[in-house]
Amino acid sequence: MQSKKFYYHFDWLNAWFILNAVLLIMLIYIAVCCPRLYYWPQTQVLLGTFIFSCLMWYFKCIYKHQMAEITDEYIKIDHTEPLYWRDVAGAEIREVWCCLKKRKILVLLPKAGIDYQYNFLQRHNGAFTPFSVPLYGILTPQDEQEIIKQIEAHVAIKDTLTK
């Protein structure tokens, strides 16, 4: 099997997009009706805010952010080091609190005693364990099912939500 990459998916039409549209309309109005306002510091700050906001919106909503890479040998989540399948004891689906909502995640459970270099976020991320795959809407539903299917091919998944 080849390497399969999965990407985060964010809707581009959101409140942030509407804010950028409103800022653009304001800047066009200033340019057409009273161009001298472009010399005011407030307008220059508004222009800078618009440019920065558009770049950040593009980076979040349009640019593809890699969520996971799955191969026959390992899984690599976000920008962490690869976790080899031989070092995974199992996986389970859990519910955790995130942004005042219960969210579903798939947690890979590493075997005891593996020597893995955890980054800061992996060591200090509360309910999200170092090897967590989000299953709550920031991936497409097809990708969520495909990730579960790919992980099931390598390790057993225990569903702690159904009792």
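This is a predicted model: local features need pLDDT of at least 70, side-chain atom pairs count only at pLDDT 80 or more; totals for chains, interfaces and linings use all residues.

Student: Which residue stands opposite Ile-157 in E8?

Tutor: That's Ala-91.

Student: And what's the strand order in the open sheet?

Tutor: The order is E7-E6-E5-E8, four strands with mixed pairing. Strand E7 (132–134) and strand E8 (157–159) are the edge strands, each pairing on one side only. From one strand to the next, the twist averages 30°.

Student: OK, switching to Tyr-116. Where does it lie?

Tutor: In the loop between strand E6 (101–110) and helix H3 (120–123).

Student: Is Tyr-116 buried or exposed?

Tutor: Tyr-116 has a relative accessible area of 11%, and under 20% counts as buried, so Tyr-116 is buried.

Student: What is Tyr-116 in contact with, leaving aside its neighbours within four places in sequence?

Tutor: Thr-80, Glu-81, Pro-82, Gln-122 and Phe-131. Take Glu-81: Tyr-116 is 35 residues from Glu-81 in sequence, but their C-alpha atoms are 8.3 Å apart in space.

Student: New topic: which residues form the nonpolar patch on the surface?

Tutor: Trp-12, Leu-13, Leu-47, Ile-51, Phe-52, Leu-55, Met-56, Tyr-58, Phe-59, Ile-62 and Tyr-63. Together they have about 1100 Å² of accessible area.

Student: Where is Tyr-58 found?

Tutor: In helix H2 (residues 41–62).

Definitions and conventions. Residues are numbered from 1 along each chain as its sequence is written. Side-chain values use heavy atoms; hydrogens and water are left out. Helices (H or I, at least four residues) and strands (E, at least two) are DSSP runs, numbered from the N terminus. Buried means under 20% relative accessible area, exposed over 50%, partly exposed in between (1.4 Å probe, protein chains only). Contact means heavy atoms within 4.5 Å. Two strands pair if DSSP finds at least two bridges between them. Axes are lines fitted to C-alpha atoms, for helices over the stretch in contact, and angles run from 0 to 180 degrees between N-to-C directions. Patches are made of residues with over 30% relative accessible area and no salt bridge: like charges are joined within 9 Å, nonpolar side chains (Val, Leu, Ile, Met, Phe, Trp, Tyr) within 5 Å. Accessible areas come from the Shrake-Rupley method with a 1.4 Å probe; for residues, only the protein chains shown count as cover. A salt bridge is a side-chain nitrogen of Lys or Arg within 4 Å of a carboxyl oxygen of Asp or Glu.
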